[in-house]
Amino acid sequence: MQKLDGNVLAGPMSQVMTGDATSARGRCAHCGDVAALAQAVVYADGGWYVARCRRCDNVLLTIVEADDDVRLTMTGITAFTMAV
Amino acid sequence: MIAHASWHVATVSATRPETPNARRIILDIADWPGNAAGQHVDIRLTGEDGYQASRSYSIGSSGDAPSIELAVDRVATGEVSPFLVDDLMVGDQLEVRGPLGGWFVWKPDASHRPVQLIAGGSGVVPLAAIVRAHRAAADVTPIRLLYAVRTPDDVFFREELEQAAGDTGSSGVRVDYVFSRRAPDGASRPAGRLTRELLGELVLPPEQNPLVYVCGSTPFVERVLGWLQELGHEVDDVRAERFGGS
């Protein structure tokens with residue numbers, strides 16, 4: 001498992017959203033920190049990614065790319081705001 | 001506007017040694033929409049048994065051309081980079097997803113906000129793309145690059161950085177090298193690791209309100225981010241991109 005940051009989510013997130021998700025901003029549902037997704041702490045292993053809040057370590061989202069599926073779970077992020 | 005990312009088939013059109021441990025790889029991608037300086041791609045390799053491995057690589061070039069330049073460092077224990085550095089041949093095809101990322105990018109704009117780039121090792125790749133984009137646009141934004149690298153032989157994009165540093169006038173880029181293991185003959189500083197004191201000397205001060213880009217291995221980036229904060233830079237004025245060993 002590697003400790004990285006939210007920039008690495010650009011590829012996986014492009015499978016579920018149009019536009020760049022890493023420059024979108026969101027609020028941590030636990031501590032209220034507002035940041036770009038690129039600023040999150042990301043742990044990556046194979047096609048698995050867990051993004052955590054840079055401030056309180058709360059899990060913001062997980063995304064898994066495996067075979068022909070991509071599975072996104074966004075439990076810890078609110079007010080996810082993307083430029084259109 | 002950032003072009004939408006998708007998977008593309010890329011063909012290797014040229015390769016050359018970047019350093020003794022790294023390789024420049026030029027990929028032609030017929031349907032590439034172009035990319036901004038600082039963006040990256042995901043490269044996916046599929047083995048004969050169907051096993052897939054995917055890794056992110058920063059693009060060292062930018063613009064509308066249907067081709068991109070990568071510079072890949074060989075990580076001996078990695079799954080993907082030894083193949084890219086040692087085995088990939090001109091004419092080979094790769095699956096490439098991109099262009100990716102809209103946060104760790106730089107484009108010339110009318111504000112000309114000063115830019116400080118800080119690279120650790122092969123983390124210089126997206127920052128070299130920014131330096132090259134600045135030069136290609138003859139932009140007058142003040143840019144400084146601090147490049148921490150082991151020895152002079154390990155410098156990526158040597159020629160491009162020398163050209164940018166050699167430009168006189170307002171479009172020139174100041175490049176400072178911090179050699180950790182061996183400095184060139186006649187260097188003003190002996191070899192040694194980057195320290196907070198050296199960082200404070202070689203980066204634009206917070207009073208100049210620079211936008212700071214830091215790219216390198218995770219430990220390098222986290223050390224630098226801590227020092228930048230101690231030197232008074234605001235967290236949200238610093239954009240970071242970390243990479244692991246791949």
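Q: What is the strand order of the open sheet in chain B?
A: In this predicted model, the 6 strands of the sheet follow the order β4-β3-β6-β1-β2-β5 in chain B. Their pairing is antiparallel.

Q: Why is one side of β4 and of β5 in chain B left without a neighbour in the sheet?
A: β4 (52-58) and β5 (67-73) of chain B stand at the edges. Each has a single partner strand, so one side lacks a neighbour in the sheet.

Q: By how many degrees are neighbouring strands of this sheet turned against each other?
A: The average is 35°, with direction ignored.

Q: And how many bridges are there between β1 and β2 of chain B?
A: Strand β1 (residues 6-19) and strand β2 (residues 22-28) of chain B pair over 7 bridges, in the antiparallel sense.

Q: Which residue is the bridge partner of Val12(B)?
A: Val12(B) has Leu27(B), in β2(B), as its bridge partner.

Q: Turning to the helices: at what angle do α2 and α3 of chain B cross?
A: The axes of α2 (residues 124-136) and α3 (residues 158-166) of chain B cross at roughly 45° and come within 10 Å. Because of that angle, α2(B) is oblique to α3(B).

Q: Is that crossing left-handed or right-handed, and which residues meet there?
A: The crossing of α2(B) and α3(B) is left-handed. From α2(B), Ala128(B), Val131(B), Arg132(B) and Arg135(B) meet Glu160(B), Leu161(B), Gln163(B) and Ala164(B) of α3(B). By class, this contact between α2(B) and α3(B) has 4 nonpolar, 1 polar and 3 charged residues.

Q: What are the domains of chain B?
A: The domain assignment gives domain 1 (6-100) and domain 2 (115-243) for chain B. Taken over C-alpha atoms, the centres of domain 1 and domain 2 of chain B are separated by 24 Å.

Q: How many residues of these two domains are in contact?
A: In chain B, 14 residues of domain 1 are in contact with 13 residues of domain 2. On the side of domain 1 of chain B that touches domain 2, β1 and β5 of chain B are the elements that give two or more residues. The residues of that side of domain 1 of chain B divide into 5 nonpolar, 7 polar and 2 charged.

Q: On to chain A, then. How do β5 and β6 of chain A pair?
A: Strand β5 (residues 48-52) and strand β6 (residues 59-66) of chain A are antiparallel and pair over 5 bridges. Within this pair, Ala51(A) stands opposite Leu61(A), which lies in β6(A). The hairpin of β5(A) and β6(A) has 6 residues between the strands, and Asp57(A) there takes a positive phi near 75°.

Q: What follows for β6(A) and β7 of chain A?
A: β6(A) and strand β7 (residues 69-73) of chain A run antiparallel and are joined by 5 bridges. Ile63(A) stands opposite Leu72(A) of β7(A). These strands, β6(A) and β7(A), form a hairpin with 2 residues between them, and in the turn Asp67(A) has a positive phi of about 50°.

Q: Finally, how many residues of chain A and chain B are in contact?
A: The contact involves 16 residues of chain A and 18 residues of chain B. On the side of chain A that touches chain B, β1 (2-5) and α1 (10-14) of chain A each supply at least two residues.

Q: Which element gives the most to that side of chain A?
A: β1(A) gives the most, with 4 residues. The side of chain A that touches chain B divides into 5 nonpolar, 8 polar and 3 charged residues.

Key: Residues are numbered from 1 along each chain as its sequence is written. Chains are lettered from A and ligands numbered from 1 in the order in which they are written. This is a predicted model: local features need pLDDT of at least 70, side-chain atom pairs count only at pLDDT 80 or more; totals for chains, interfaces and linings use all residues. Two strands pair if DSSP finds at least two bridges between them. Axes are lines fitted to C-alpha atoms, for helices over the stretch in contact, and angles run from 0 to 180 degrees between N-to-C directions. Angles under 35 degrees count as roughly parallel, over 145 as roughly antiparallel, 65 to 115 as roughly perpendicular and the rest as oblique. A crossing is left-handed if the near helix is turned anticlockwise from the far one by less than a right angle, and right-handed if clockwise. Two residues are in contact if their C-beta atoms, placed from the backbone, lie within 7 Å. Ala, Val, Leu, Ile, Met, Phe, Trp, Tyr, Cys and Pro count as nonpolar, Asp, Glu, Lys and Arg as charged, and the others, Gly among them, as polar. Domain bounds come from an automatic or database domain assignment.
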